[in-house]
Amino acid sequence: MLNSTTDTLNLKAEAVLDPSIQFQQPLSKNLKAPKFIFLTGATGFLGAYLLDELLRKTTANIYCLIRSSDAESGKQRLKNHLQFYSLWEETLSSRIIPVIGDLSLPLFGLSEQQFHELAEQIDIIYHNGAWVNAACPYLTLKPTNVLSTQEVLRLASLIQTKPVHFISTIGVFFSEAYSAVQQVTEIDLPEFSSLKGGYRQSKWVAEQLVMIAQERGLPACIYRPSRIMGHSKTGINGNFQDALCLLLKGCIQLKKFPSVETDIILVPVDYVSQSIVHLSLLEKSPGKAFHLTNSQPTSWENLFDAICSVGYPLEKVTYNEFLVAVEHHAFKHPEDEYNSSLLLLLSSSETFPIEKPKFDARHTQAGLAGTSIACPPVDEKLLATYFSYFQKVGYLPSVPKKFTPTTSSVAPTNQTQPTKKSSAFWKSITTSIKAKNQAFVIQPVPRNGNLPLSFAQERLWLLDQLQPGNPVHNLRAAYRLKGLLNVEALEQSIQEIVRRHEVLRTTFPAVNGEPIQVISNNLTLELQIVNLAELSTQQREAEVRRLATVADQEPFDLAHGPLLRVKLLYLAEDEYVLLRIIHHIINDVWSDTVFMRELATLYATFCAGKPSPLPELPIQYSDFAQSQRQWLQGEVLKSQLDYWKPQLGDPLSILKLPTDYSLATLPSYQGASQFLILSRNLTDSLKALGHQEGVSLFVTMLAAFKTLLYQYSRQQEIILCSPVAGRQQPETKKLIGYFNNLVLLRTNLGQNPSFRELMSRVSRVTLEAQEHQYLPFQYLGSSVGVPGTILSRAMFTMQNVLSQPQELAGVSVSLMEMEEGISNFDVSLSVKEKGEQLMGVMRYKTDLFKESTIAQMLENFQILLQDIVANPHRRLLDLPLLGEAKSPQLFDEPQAAAYVAPQNEIEQAIATIWQEVLGLETVSIHSNFFDVGGRSLSTIRVYHKVREICARQISVAELFKSPTISGMAQVLSN
């Protein structure tokens with residue numbers, strides 16, 4: 001039931017109404033003339049018109065559930081919303097009462113007392129609120145669409161029984177159980193077995209809860225409207241994210257029209273709102289369902305004619321040709337958020353659903369008989385009204401002055417561009433959506449037990465046990481602040497962020513040798529201020545960098561914390577530097593943006609003397625960690641391993657780059673970095689090449705980096721690591737915490753491919769890795785058997801995170817570039833877009849490479865990129881050898897100790913573990929673990945395997961105090 005895929009989701013098991021919700025109280029006495037009405041979803045498109053209709057057709061006061069910081073701002077939000085639709089009337093406004101809450105929370109986020117007081121007041125409930133999103137899976141929508149319905153029914157059962165009017169969707173019948181020739185009546189029950197689409201599934205489950213409540217005595221009605229569009233007279237539409245609106249804009253923008261077989265069934269919002277309110281006030285309505293559909297739809301073909309008649313020139317193309325056109329436009333305009341919405345829409349199999357059944361609406365027709373309420377046909381007049389409004393508000397462009405409508409038949413093949421195979425870029429969109437659909441649901445967990453670490457946190461904790469306090473995982477950020485700073489408001493803002501995010505108050509002690517999370521209820525973080533104003537400008541800048549380096553090197557104690565430090569360096573009255581040092585175990589790059597965005601919001605608010613406007617977080621990082629562990633087991637874990645084992649199962653080639661120095665005996669993280677900025681022309685050429693080959697910029701740059709590594713190593717197989725954000729669930733995007741995972745990208749460069757062919761190979765591997773990104777990085781060693789030496793050789797990153805704020809309430813903010821002095825990999829390349837150029841940062845271990853070597857490597861990389869865009873057809877062996885890459889000289893590996901066989905059972909067991917982990921046939925009992933290929937992640941594998949045969953608790957540091965087989969055996973014997 002926790003798997004969100006359609007094949008395994010048991011909708012019937014989801015439809016369980018809390019047994020405590022019973023309807024034994026007497027009915028409200030004010031049903032004919034209700035005094036108080038409760039409405040959810042008032043800030044939605046239909047909700048605005050429902051609210052307006054209820055104000056006009058009743059004399060009741062309307063309680064509107066709304067998310068806001070307080071009642072005053074909630075009332076203002078409702079006013080702005082109604083004004084948008086030209087519905088606001090000051091004379092009616094006194095009857096609108098905002099209820100500050102959240103549809104997705106138990107009791108709507110109200111206290112029990114508030115919830116009961118609300119139940120005591122209201123006479124009727126209209127449940128219209130829902131998260132309408134065709135791309136989201138059921139489990140993402142469940143809290144808002146399903147659990148909220150249970151809370152509505154709970155509200156209806158308390159004090160007095162209140163009728164519930166539930167707005168569902170006709171889409172609950174869009175399944176294979178109903179054919180196009182079948183007529184569905186209003187007494188038919190929707191079938192769930194083949195129902196697809198998270199939104200429809202959530203509405204089906206919610207309907208079941210209402211039906212169960214009806215069986216328990218609740219007078220309830222269900223309303224099932226078709227696709228709701230703008231007002232029939234004004235065309236006003238507040239739902240531009242609707243599938244039809246997106247497609248219309250896409251067709252007109254691209255001047256192309258996909259040829260598909262489907263009907264357009266839509267109903268104007270004024271017809272739906274008037275019908276619901278009128279039917280809800282009839283005495284005979286309770287217990288019925290109403291189909292609010294259009295008896296006069298139009299075909300997709302007629303829509304083409306209507307668009308052309310308005311004045312937009314369109315060319316009819318096949319569906320695949322339309323997809324190619326959308327891809328091209330998305331590549332050309334990556335900044336346009338509309339493209340993302342259209343891509344998400346077209347990637348869904350539900351965009352053009354199966355043929356729809358016909359719907360009988362006898363209950364609706366009988367209830368509306370004798371009124372003026374009627375649904376207008378979907379004809380040129382109605383569509384022209386909508387097009388006129390879309391043009392007025394700028395959603396659609398103005399009609400060209402001159403146009404020649406193209407033929408209504410599909411254009412001949414020789415008149416259109418050749419059909420292009422659906423690209424890897426397109427597949428990346430569907431892969432991303434598939435990953436989101438596979439993501440587990442995060443459930444809040446109690447805080448009274450031992451809370452586990454996430455898999456990523458566990459890996460860092462074990463590495464810290466090897467070298468306690470090692471600052472390699474300290475993350476530093478230095479922000480230059482210019483302007484008159486309110487230090488008190490800054491400190492208050494940071495303290496509020498610490499209060500909001502439990503992970504910033506978390507430490508990681510060990511219980512029986514296993515780490516747990518301990519969350520402090522209160523943590524006062526001191527903002528230490530250092531005065532540098534008396535120094536000269538040059539001295540100040542030098543001291544800022546010195547203090548930043550010193551702060552970065554100070555160790556953190558994971559068991560006791562705190563794991564966050566902040567310092568404010570005072571340079572002048574209007575200039576400061578904010579230093580923030582945080583351990584990676586509670587932070588990642590995405591978290592930096594969350595931190596700074598919240599800081600900007602809170603600082604501005606506190607400077608104005610107002611309370612925090614940020615809503616409380618529904619889940620915390622510890623909820624994610626436990627939910628992740630509960631999910632990643634059994635069949636889910638097996639499916640991940642089933643991909644990675646064959647992908648990485650053959651003998652793997654360890655990357656061997658020519659180094660300037662011998663490999664260190666002990667793992668060292670001392671590093672440096674150098675920068676490369678590509679010209680705008682080269683950047684544009686690289687993007688164009690990727691688009692031409694149908695791959696993302698990530699794939700283009702990764703393929704180029706692998707080509708560079710090939711030129712240095714002459715190895716036909718290149719394996720490197722790449723990070724993934726690990727934030728598939730929407731709620732994780734607002735959390736601070738360590739969500740990253742690393743995946744291994746293995747590419748075979750054999751058979752002398754052209755760069756174009758190599759891009760295709762890299763793209764395929766990348767997409768598959770994204771789809772199977774959930775396997776924890778340490779499992780690549782422990783469960784898949786990847787040697788630890790491979791896991792720390794090379795990494796490639798394409799940074800793509802949200803921008804950070806540039807000011808704090810008038811104080812400018814800029815991130816200072818500083819040398820970190822650390823490298824987790826032998827060599828790594830990080831690329832990001834900076835303005836209209838690409839910037840690369842190459843980090844490297846100074847124990848292996850000279851500064852001049854890396855400078856030459858970056859120069860070679862730029863030359864290689866220029867050659868690639870000029871000659872993408874050139875084969876690998878025909879590429880010019882570059883600089884010092886012509887004759888790589890591999891530094892001699894540390895010489896292994898003379899072979900001495902294990903002398904006892906413990907040494908034999910340890911030797912077997914070393915051989916398995918390091919991929920060695922034999923190993924001497926006197927060989928140093930790090931001389932024969934051991935790395936940090938290898939130590940974790942050895943540690944876990946030794947723990948299995950060890951009769952007592954032992955720490956990582958204690959085990960590796962003497963990193964030889966004989967030394968470990970002695971430790972275990974003692």
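The protein has 974 residues, of which 56% count as buried. Its secondary structure consists of 29 helices and 31 strands. Among contacts with a sequence separation of 6 or more, 80% are made by residues 24 or more positions apart. The mean pLDDT is 86, and 89% of the residues reach 70 or more. Over residues 1-7, however, the pLDDT is below 50, and this stretch has 18 contacts in the model beyond near neighbours in sequence. The pLDDT is also below 50 over residues 402-422, a stretch with 32 contacts beyond near neighbours in sequence. Where pLDDT is low, the predicted coordinates should not be read in detail.

Strand pairing was examined in two regions. In one of them, strand β4 (residues 124-127) pairs with β1 and with β5. Strand β1 (residues 36-40) is joined to β4 by four bridges, and the two run parallel. Within this pair, I37 has I124 of β4 as its bridge partner. Strand β5 (residues 164-167) also runs parallel to β4, with three bridges between them. Here the bridge partner of Y126 is H165 in β5. Both faces of β4 are covered.

The buried residues of α17 are R540, E543, V544, L547, A548, A551 and D552. These residues lie on the same side of α17, because they cover an arc of only 165° around the axis. The elements that cover them include β16 (474-482), β21 (527-531), β22 (564-572) and β23 (575-583).

The loop between β21 and α17 contains E534. This residue counts as exposed because its relative accessibility is 82%, and the cut-off for exposed is over 50%. E534 is 36 residues from Y570 in sequence, while their C-alpha atoms are 9.9 Å apart in space.

A contrasting loop residue is S454, which is found between α14 (424-438) and α15 (455-466). S454 has a relative accessibility of 1% and therefore counts as buried, since the cut-off for buried is under 20%. Its side chain makes a polar contact with the side chain of Y621, at 2.7 Å. Leaving aside residues up to four places away in sequence, S454 touches Y621, F624, A625, Q628, R629 and Y738.

Helix α20 (residues 634-647) has 14 residues, which should span 20 Å at 1.5 Å a residue; the end C-alpha atoms are 20 Å apart, in agreement. Its buried residues are V636, L637, Q640, L641, Y643, W644 and Q647. Among the elements covering these residues are α19 (621-631), β26 (741-748), α23 (755-771) and α24 (779-782).

Helix α26 (residues 905-918) also has 14 residues, and the distance from its first C-alpha to its last is 20 Å, close to the 20 Å expected. In α26, the buried residues are E907, I910, A911, I913, W914, V917 and L918. Seen down the axis, they fall within an arc of 160°, so they line one face of the helix. The N-terminal end of α26 is capped by N904, which has a side-chain oxygen 3.2 Å from the backbone nitrogen of I906. Just after the helix, G919 takes a positive phi of about 70°.

Conventions
Residues numbered from 1 in each chain as written. Heavy atoms only, no water. Buried < 20%, exposed > 50% of the residue type's maximum accessible area, 1.4 Å probe, protein only. Arc of directions from axis to C-beta. Contact = heavy atoms within 4.5 Å. Polar contact = N/O pair within 3.5 Å; in protein donor to acceptor, adjacent residues only side chain to side chain. Pairing = 2+ DSSP bridges. pLDDT = per-residue confidence, 0-100. Expected span 1.5 Å × (residues − 1).
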